[in-house]
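Biologist: I am new to this structure. Please show it to me, and then let me ask about the labels.

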Amino acid sequence: MQEIEINGRLYRIETVMTRNRNAYARLKGETILVSMPGHWPRKEREKTAASLVKRTVKEIARGRWTPEGSRKLEFSHGQMLSILGQEYNLVFIPSGRFGGKTRGSTIEIRVAEHPEKEKKASQMVCSQIIKAAKPEVMERVRHFNTRHFNTDIKRLTLRDNTSTWGSCSKKGNITLNIRLLFMPLEILDYVIVHELAHTRYMSHGSRFWGLVERVLPDYRERKKWLRNYGWSAVPGKRSGQQKISSFFHECPL
Ligand SMILES: [Zn+2]
């Protein structure tokens, strides 16, 4: 077991062999988890692991990734949420059973007695946020798609993800992180365009970035913003378990 000290805090480095095609590193609590395809030659594994650890250490040292962050979104009673630029008030009401609804600008969650009631309530808040925001997000996806990509979008999924901002399958299933809904619209749009561009090019090569740039000439600034502030721009505690992909089919953005 390797250990490393970053800003006075001790982190463990753990490597796991997988059957995946890609190598990546993520932070989980105080552990830097390196996931390595077992079929790679040993030299290749060592070289890639070293470079992934180096990048992860840099992210931690800069405060972009934190151990406190390896958690799903947490919400509490009375919290104000800005979703796609619109303010919502969060109300938790003690009740016999769990339930949620959104009335105007109030998200109302009925919370029953349960050993994991905070977790369940937060999950219900996420569902309400997704329900409220999905039509507009879909509208924005369609907007960019019709003008620039003209691809067949099968499904849009919004999810509380702790590792990626978005993903896109070849079949046209787009997944976006709900944390993007709390950020400036420019950032959400950047991730939408990024994922749509993957319907043309799966890899992050020069043709891929060229296409993103044609749609959003200032994409570099948006990308930088997301990298610097993305994981701290969400309500409640910072999120984590962020992932750096060393290869192309995931989106470190
Ligand atoms: Zn990508």
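Modeller: What follows is a talk about how parts of this predicted model are described.

Biologist: Which domains does the chain have, and how far apart are their centres?

Modeller: The domain assignment gives domain 1 (2-63) and domain 2 (80-245). Their centres, taken over C-alpha atoms, are separated by 27 Å.

Biologist: How do you know which residues of α2 and α3 meet?

Modeller: Two residues are in contact if their C-beta atoms, placed from the backbone, lie within 7 Å. From α2 come Arg 140, Val 141, Phe 144, Asn 145 and Phe 149. From α3 come Leu 188, Asp 189, Ile 192, Val 193 and Leu 196. The residues of this contact divide into seven nonpolar, one polar and two charged. Arg and Asp count as charged, so Arg 140 and Asp 189 belong to that class.

Biologist: Why are β5 and β7 called edge strands?

Modeller: The open sheet of four strands has the order β5-β6-β8-β7, with mixed pairing. β5 (80-83) and β7 (99-103) each pair on one side only. On average, neighbouring strands of this sheet are turned by 25 degrees against each other, direction ignored.

Biologist: How do you know that β5 and β6 pair?

Modeller: Pairing needs at least two bridges. β5 and strand β6 (residues 86-94) have four, in the antiparallel sense, so they count as paired. Ser 82 has Glu 87 in β6 as its bridge partner. Helix α2 packs on this sheet, touching β5, β6, β7 and β8 (106-111).

Biologist: Why do β9 and β10 stand at the edges?

Modeller: Their open sheet of three strands has the order β9-β11-β10. β9 (155-159) and β10 (166-168) each have a single partner strand, so one side of each is left without a neighbour in the sheet. The twist averages 10 degrees from one strand to the next.

Biologist: What makes β10 and β11 a pair?

Modeller: Three bridges join β10 to strand β11 (residues 173-177), against a cut-off of at least two, so they count as paired. These two strands run antiparallel. Ser 167 has Thr 175 in β11 as its bridge partner.

How values were computed: Residues numbered from 1 in each chain as written. Predicted model: local features only at pLDDT ≥ 70, side-chain atom pairs only at ≥ 80, totals over all residues. Domains from an automatic or database assignment. Axes fitted to C-alpha atoms, helices over the stretch in contact; angles between N-to-C directions.
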